[in-house]
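Here is a short note on strand pairing, helix packing and aromatic contacts. Please read the points below against the model.

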Amino acid sequence: QARAFGVGVVLATQNPVDLDYKALSNAGTWFIGRLQTERDKARVLDGLQGASSAGKFDRQKMEALLASLGNRVFLMNNVNDDAPTVFETRWVMSYLRGPLTRDQIRTLMEGRNQAPSLPAANTQESPLPEAVSTRPPLPPAIPQVFVPPNFPSPQYRPVLIGAAELTYKHTKTGFETTESVLLAAPLPSAMAPVDWGSAESLEISLSALTHEPAEGATYEALPAPASQTKNYTAWEKEFRSWLAGSRILEVLTCKDPKAVSEPQETEGEFRARLALQIRESRDAAVDTLRKKFASRQAAVQARLERAQAALERQKQQASAATMQTMISVGSSLLGAFLGKKAISATNLGRVTTAARGVSRSMKEGSEAATAEQTLESVKAQVAELETEFAAEASALTAREPEFEKLQVKPQRGGISNLRLCLGWLPE
């Protein structure tokens, strides 16, 4: 009715299966993105087919188009056009990586004019540590590795590099994962514990580390404790103990549906994954509910059709009986007045027959009223069944997942391939 008055309606949904395809078929222009479930695709195809002109809709071709849609790719279907149009939206997201590393700043500023220096009163630059061109001599028992530089002639800074594989397991939720860590911690200048809490996570694999320095490299001074072999044994024990107590994974859990977030999965991604799982489960439950009500709906519908037919039949019979009675009464009265005898046997019989006709007409009218009451009763049953179905379907869609945060420590004995060595980071 809105179209007759020039009013437009916009319908947007992420779950087409909740909509009646008859309602969808009234849409003239469609913008369709990637559909996650087969039920959604089937419902959209039903609506598109209902909206298209007869013989103009190619369901197989449209299904192939919908299946090929990627990220930010949409299909526009206008019922007045000969064919649908596929288009891609503009990329409008800004990716904020985070603070730049020193290497990235050096690469970014390469070939650019440096900004003029501020007055000496406003700036006090810290001088770089004194570096030498020869590597400090160390006992052969102390392993050394080098982080590959992205520029020539680097200046190496000594650090303590620790590597390990951690196994996390939570039996109750079924969560299990393995994590590889590669950390670079500052070396203590005196006999003190290593501050692994301030360690830098290296974004390279352990196999990418080399055993030889880059050409033209220089080296910062090495703290005295780093040249003693026995200290590495103590530091390795500290590293293992720190991993067991501090490398804790925080994951999200959900009881209904039962699910656990992945280690690198954000809360938003976990919620989106659960929402899709709940939708699929709900759609299946609604289908089961429809099947449950199908037989009852069919039975009530059959009773409704029988009651409507009975009412129509009774109305016709009552109307015919009334007409016949009126004719019979009129004929009897007319014969009584025009006959030779005021009351003859024939006229008396006609009056008696007319009286019986009146009684039959009243009976037919009463049966018609009863049939109408039966019809109203069946209509009430139909309405009650629809209300019951809507209530149970609403209960299925009202469920919201509840999340809990779970902290998982490395499994006992789950720290393997632990390695500790002296490392050189390029500056």
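1. Strand E2 (residues 73-78) and E3 run antiparallel and are joined by four bridges. Within this pairing, Met76 stands opposite Thr85 in E3. Strands are DSSP runs of E with at least two residues, helices are runs of H or I with at least four, and both are numbered from the N terminus; two strands pair if DSSP finds at least two bridges between them.

2. On provenance, this is a predicted model in which local features need pLDDT of at least 70 and side-chain atom pairs count only at pLDDT 80 or more, while totals for chains, interfaces and linings use all residues. Residues are numbered from 1 along each chain as its sequence is written, and side-chain values use heavy atoms, with hydrogens and water left out.

3. The sheet holding E2 and E3 is open, with three strands in the order E1-E2-E3 and antiparallel pairing. Strand E1 (29-32) and strand E3 (85-88) are its edge strands, each pairing on one side only. From one strand to the next the twist averages 25°.

4. Helix H2 (residues 38-51) lies across E1 and E2 and runs at about 160° to E1. Helix H3 (residues 59-67) packs on the sheet and touches E1, E2 and E3, its direction making about 150° with that of E2. Contact here means heavy atoms within 4.5 Å; axes are lines fitted to C-alpha atoms, for helices over the stretch in contact, and angles run from 0 to 180 degrees between N-to-C directions.

5. Aromatic rings of Phe, Tyr and Trp (its six-membered ring) pair if their centres lie within 6.5 Å, with planes under 30 degrees apart counted as stacked, over 60 as edge-to-face and the rest as tilted. The count by this rule is nine aromatic pairs. In one of them, the ring centres of Trp196 and Phe239 are 4.3 Å apart and the planes are at 35°, so this pair is tilted. Trp196 is in the loop between strand E7 (175-186) and strand E8 (200-201), and Phe239 is in helix H5 (residues 229-246), so the pair ties together parts 43 residues apart in sequence. Trp196, at 3% relative accessibility, counts as buried, as does Phe239 at 0% (buried: under 20% relative accessible area; exposed: over 50%; partly exposed: in between; 1.4 Å probe, protein chains only).

6. Tyr219 and Trp424 have ring centres 5.4 Å apart and planes at 80°, so their pair is edge-to-face. Tyr219 in strand E9 (residues 218-220) and Trp424 in strand E13 (residues 410-426) are 205 residues apart. Both Tyr219 and Trp424 are buried.
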